[in-house]
Amino acid sequence: MGIYLNPGNKGFRESVCSRIYVDKTGLIARTNELLNTEEKFICVSRPRRFGKSMALKMLAAYYSRGCDSGELFAGLQIERDPSFAEHLNRYDVIYLNMQQFLIRAKHQGVTEYLEELVIRDLREAYGELFDGQESVLAAALEQIYAKTEKEFIFLIDEWDCVMRERQEAEELQRQYLDFLRNLLKDQPYVALAYMTGILPVKKYGLHSALNMFFEYSMTDQYALEEYTGFTEDEVKGLCERFGMSYEETGSWYDGYCFKKFRHIYNPRSVVAAMTFQNFSNYWTSTETYEALKVYMDMDFDGLRADLVRMLGGGHVGVNTRSFQNDMRTFQTKNDVLTLLIHLGYLGYDSETREAFIPNKEIIEEFENAMSVGGWAEVMRVLQASERLLEDTLRGDADAVAEGLDRAHMEVASILAYNDESSLGAAIGLAYYSARKDYRMIREMPTGRGFADVVFLPLPSAGEPAIVVELKYDKSAKAAIQQIKDKRYTKALEGYAGEILLVGVNYDKDGGEKRHECVIERVECAKV
């Protein structure tokens with residue numbers, strides 16, 4: 001075993017022996033299917049702390065020649081797959097952590113430094129098979145393959161760090177991409193290439209230097225959805241094991257959405273919550289809100305309004321196709337929103353092509369970013385939201401209407417009221433503080449329509465549920481009557497207790513007092 005050639009199974013052993021380990025070895029069955037096929041080039045991009053490096057350590061432990069990893073995988077999902085024994089420890093693996101090479105290269109070229117170290121490893125194992133003066137990694141591997149027909153698996157972690165951390169160094173980026181293309185494309189010694197990063201493969205104009213890679217990103221993970229984060233069943237099992245509320249775990253860390261798996265959880269944050277027995281914002285230990293603020297403050301038309309809509313629980317349409325897969329080439333607000341999807345600050349529904357803020361943890365990051373300036377009017381609405389919730393729980397409809405008028409005046413320059421959808425986003429923003437005790441659901445399906453906004457209390461809250469129906473240029477009483485006629489409360493499955501019915505109407509010609517509110521209380525038996 002070497003440092004870069006066949007690095008062994010120690011990294012994965014540490015994961016398996018950890019107090020919390022969630023079995024994701026089913027991923028290996030997927031990669032086994034792709035070995036030596038046209039789909040053998042895999043680029044998996046996810047946010048920080050979504051298990052990318054752990055997956056690479058797992059693949060290294062499984063494929064690396066010279067390891068004896070059978071007992072390490074005993075009892076795990078992959079052991080039951082027919083392909084398990086066929087490929088176990090049968091390949092030479094080259095494992096590259098590009099972040100380390102970028103840090104250590106210093107004044108030397110990154111790729112030259114990488115080639116020097118990896119060839120040193122290769123020389124110990126295969127030195128007699130290639131020219132001792134060879135300094136080009138691809139050439140050395142070609143010579144080894146020509147004499148042995150041995151194939152290599154390439155595992156590349158943080159593949160995109162050059163794009164992220166050397167954003168201005170375009171020539172360095174081009175040299176790096178040319179190196180990867182020469183190393184991997186059309187090379188007979190490649191059995192599999194699996195790269196991980198935050199960004200998908202870099203594009204230059206209409207083309208990509210690495211166009212042989214199939215991309216699995218936060219806009220579509222395809223067959224790798226269940227390996228992107230923790231699934232509902234996995235989180236339910238952890239909550240039962242550690243005695244934590246599944247509902248609150250979802251409120252904090254759920255929200256990443258794909259075609260088949262509609263609920264994917266941030267794995268690192270779930271593990272931290274279970275370990276420390278505390279629901280909190282663990283995102284801040286991997287990113288700082290200043291990074292988010294840079295993108296929030298970009299001056300693209302409609303960006304601020306879209307962010308406000310999402311803070312209010314709304315979804316906004318996003319065209320992700322123009323994004324150049326870097327952190328500095330932005331043409332429109334869609335490019336900024338797409339980057340935030342890849343960074344994990346936004347969830348994305350590929351079916352509706354809409355972005356949204358996924359959970360309470362990320363909402364706090366947006367609040368932190370706004371608190372340091374430039375978003376004063378929105379911050380005033382957020383700070384007033386606790387009083388608005390108190391007035392609602394007391395049933396003070398006049399005070400709620402006044403509070404909504406004030407909130408509207410604050411954000412009118414950013415978010416225009418022109419339909420019930422915009423009104424719903426503004427209401428969600430005005431009730432921002434409710435999310436500490438409630439799970440807010442916009443457009444909740446009821447079987448007889450959709451309730452505009454529903455606040456379901458978390459188990460620890462001890463508060464009534466709230467159903468809000470919105471009208472635009474009609475009446476608050478009509479809103480209340482619609483809740484009753486369409487029996488929206490029947491949608492609160494499993495809930496028993498008091499429910500507040502809140503009808504809100506916005507009158508665009510109402511002068512200074514444009515909001516009208518009616519509040520009624522009902523009791524709900526468990527349904």
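Author: We start with one residue; note that the model is predicted. Asparagine 368 touches Asn281 and Tyr289, leaving aside residues up to four places away in sequence.

Reader: How many residues along the chain lie between the positions of asparagine 368 and tyrosine 289, and what separates their C-alpha atoms?

Author: They are 79 residues apart along the chain, with 6.2 Å between the C-alpha atoms. As for secondary structure, asparagine 368 belongs to helix H16, residues 360-370.

Reader: Is asparagine 368 buried, partly exposed or exposed?

Author: Buried means under 20% relative accessible area and exposed means over 50%, with partly exposed in between. Asparagine 368 has 27% relative accessibility, so it counts as partly exposed.

Reader: How does leucine 177 count by that reading?

Author: Leucine 177 counts as buried because its relative accessibility is 2%. This leucine 177 sits in helix H9, which spans residues 170-184. From leucine 177 to glutamate 234 the C-alpha distance is 37 Å, at a sequence separation of 57 residues.

Reader: Now helix packing. At what angle do H5 and H6 pack?

Author: Helix H5 (residues 98-105) packs against helix H6 (residues 110-126) at about 110°, and their axes are 9 Å apart. Angles of 65 to 115 degrees count as roughly perpendicular, so H5 is roughly perpendicular to H6.

Reader: Which residues make the contact?

Author: H5 contributes Met98, Phe101, Leu102, Arg104 and Ala105, while H6 contributes Val110, Tyr113, Leu114 and Leu117. By class, the residues of this H5 contact with H6 comprise eight nonpolar, one charged and no polar.

Key
Residues numbered from 1 in each chain as written. Predicted model: local features only at pLDDT ≥ 70, side-chain atom pairs only at ≥ 80, totals over all residues. Heavy atoms only, no water. Axes fitted to C-alpha atoms, helices over the stretch in contact; angles between N-to-C directions. Helix = DSSP H or I, 4+ residues; strand = E, 2+ residues; numbered from the N terminus. Parallel < 35°, antiparallel > 145°, perpendicular 65-115°, else oblique. Contact = heavy atoms within 4.5 Å. Nonpolar A, V, L, I, M, F, W, Y, C, P; charged D, E, K, R; others polar. Buried < 20%, exposed > 50% of the residue type's maximum accessible area, 1.4 Å probe, protein only.
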